[in-house]
Amino acid sequence: MRAPRLFRTLAFRIVFIYIAIFAVSAAGLVAFTYWNTKRALDSQTDQTIDAEILGLSEQYQRLGLGGLADVIISRSVRGGQSLYLLTDLQHHPIAGNLDGWPQIIYRPDSFVEFNYERRVGGLTTLRRARGRIFALTGGFQLLVARDVHERHETVRLFSTTLPWSLMLMLVLGVIGGGFMSRNLLARLDSINETSREIMAGDLSRRVPVRGSGDEFDTLATSLNRMLDRIERLMRGMREVTDSVAHDLRTPLNRLRNRIDAALRRLPPESAEYVEIESAAIEIDQLIATFNALLLIAEAEAGMAREAMARIDLRDVVEGISELYGPLAEEKNLSFDVAPSGEAMIAGNKRLIAQALANLVDNAIKYTPEGGKIRVSIENMPAGVALIVADSGIGIPESERSRVLDRFVRLEVSRHSPGTGLGLSLVVAVAKLHDARLDISDNKPGLKAMLLFPHDTVRPVSSRPSVAGIPAPLAAK
Amino acid sequence: MRILVVEDDLEAQRYLVNGLKEAGHVVDDAEDGEIGLSLSLSRPYDVAIVDRMLPKIDGLKLVEELRQHGNVTPVLFLSALSEVDDRVKGLKAGGDDYLTKPYAFVELLARLDALMRRRHPAAVKTRLQVGDLELDLLTRTAKRGEASIDLQPREFRLLEYLMRHASQVVTRTMLLESVWEYHFDPQTNVIDVHISRLRAKIDKGFDTPLLHTVRGAGYMIRARA
């Protein structure tokens, strides 16, 4: 798991490309130096040989063959790096310190390289030489060469070592790159880890800063500053909802109390009692709307994240179906729950139950007698889906996105009870869980689907939650 | 019954105290957490009503301290806060029930009755009886007179709850919370459907109905009409 991920990292790719470029340019540089040095050394040797041939050819012209042979013999015994061979047309040696004509392609007036045998104290070694053949008048051949064995050996050693050094460099580079990218990965991982914990609801987490002042520290500092601001905003939001809740609930409470007190004083048969009782019902409806709005605000602000736990959607479906089933039967609707396997998600059970209740309640409300309602859980590639499908009146395509807005009630539902916030709450609950609410045509009827993506099917942060929800089970 | 009301909103406190007195209870009041704590520690109460947000000592803190002193007086929290995880916090601090403002007075009374009854439980019962209706908690069977009644598990739990609170008003919210364990507004009165089904099973064909609807409040099971 670790290795493939390492190869996919940006850091590793950068290191790899860098090594490749470095290897190619190093090889090019070495090749150029090699070629240039060899050329310089060769031309130095060639000039010496040319000068010597010039000198010897002058001797030949002045002193003839015998004179030239004498000069060559005297130079040959001097030893050193110079090699001579004077032969007749059939390459029979006349004078010189080479034993025989070397095995070379006969190319007069051009420089050749060849091997020759040298005897030092009874030991024969094969050595490298570079020289030039000069044709003398009268068919005689003069070969003048210099021993370049040391230089040749150095070059040969150099060219056999070069590929190995390059290889070694590549291997070291890859290992070094691996370590470097691992180091970078570790720091990125810590940033990722923190982000995940924050998304799971723990806003107090911060990205660790090492204090080295490098780019990662700068990034971490910026992220932390951003998080501070978000946390401040969230706290502000919570204070606002709390104080709105408190400031509206207190007068509503007094109003409700007064109505109750008045009701207690009146005989239940009086006209006033009926009047005030209907006012109480209105107030209760107002309170229900207010509570629903507050709940939506809380869910949208992500406040309920703290009460997240691992829950099985099957339990929610079972409970809500059991609660609403009789209501559907009362209306002569067939209400059926599709069997399903375990469907664990990280979520707030109460809110998901309420969301499902709202969907089922809508389905019952808008499906005429004799219709069908089916609740199911489906495992999809994109996640786990909670589906409520009915055979009711449905929602025209043009209205589908509008019904998800707050307080929107379609003409057909104008006269049935409800706050107009049912679907908005479902949307808010979906958002809280990074889920999506899709409504589509069930042909006939409506199909509402709450899709919880797989990454919300993640293990919940292991820190104990504020609300005291038991620590979630580890992911299976 | 002796009831302590700890509430800093004086008008709400006045209504609460008057209402409880009219209902025949003896009521003490406190307007902050400090007075509330010292009263509840020095006098015996059957139940205490505590607001969540109080001056000096917060409602949660008050109950925590009370419990630390070994005091087990049932506590009903009243809260005007937003409620997603507030209820859990309240119950965790040692509260026994939780009611969000604004509440209907009948709801409060019904819950107080339930709390006080919990305070004095009769010896562990294995059978409950209301009139000629009998519920056997061991065999999970019900019968009225000589006729046995066939109940679904949830209907059994519903009837059990009603019979444990016989002659008391039980509200729809209480039933939803206790029998179904849901704490939300079901929009439609789903509970009514369950009650009418239960009623059809236990009262249909008998001269005296046992399960009564209490106007504007909820339901009650009792032998005498």
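1. Two strands count as paired if DSSP finds at least two bridges between them. In this predicted model, β11(A) and strand β12 (residues 446-453) of chain A are joined by six bridges and run antiparallel. One of the pairings involves Asp441(A), whose bridge partner in β12(A) is Leu446(A).

2. These strands belong to an open sheet of five strands in chain A, in the order β7-β9-β10-β12-β11, with mixed pairing. At its edges are β7 (334-337) and β11 (436-441) of chain A, each of which pairs on one side only.

3. Helix α7(A) lies across β9, β10 and β12 of chain A and runs at about 25° to β10(A).

4. What is the secondary structure content of chain A as a whole? The chain has eight helices and twelve strands. Of its 476 residues, 28% count as buried. Among contacts in chain A with a separation of 6 or more, 61% are between residues 24 or more positions apart.

5. The largest nonpolar core holds 84 residues, and those with the most contacts inside it are Leu356(A), Val360(A) and Val429(A). Which element gives the largest share of this core? That is helix α7 (residues 349-365) of chain A, with ten residues. Another core lies apart from this one; it has 30 residues, including Ile3(B), Ile49(B), Leu76(B) and Tyr98(B). In soluble globular proteins, nonpolar side chains tend to be buried together.

6. Val429(A) deserves a separate entry. Neighbours within four places in sequence left aside, Val429(A) is in contact with Ala299(A), Leu351(A), Ile352(A) and Ala355(A).

7. The contact between the chains takes 42 residues from chain A and 33 residues from chain B. On the side of chain A that touches chain B, the elements giving two or more residues are α4 (215-265), α5 (271-300), α6 and α7 of chain A. The largest share of that side, 14 residues, is from α4(A). By residue class, the side of chain A that touches chain B has 17 nonpolar, twelve polar and 13 charged residues.

Key
Residues numbered from 1 in each chain as written. Chains lettered and ligands numbered in written order. Predicted model: local features only at pLDDT ≥ 70, side-chain atom pairs only at ≥ 80, totals over all residues. Core = buried A, V, L, I, M, F, W, Y, C linked by C-beta atoms within 7 Å. Buried ≥ 20, exposed ≤ 12 C-beta atoms within 10 Å, placed from the backbone. Helix = DSSP H or I, 4+ residues; strand = E, 2+ residues; numbered from the N terminus. Contact = placed C-beta atoms within 7 Å. Axes fitted to C-alpha atoms, helices over the stretch in contact; angles between N-to-C directions. Nonpolar A, V, L, I, M, F, W, Y, C, P; charged D, E, K, R; others polar.
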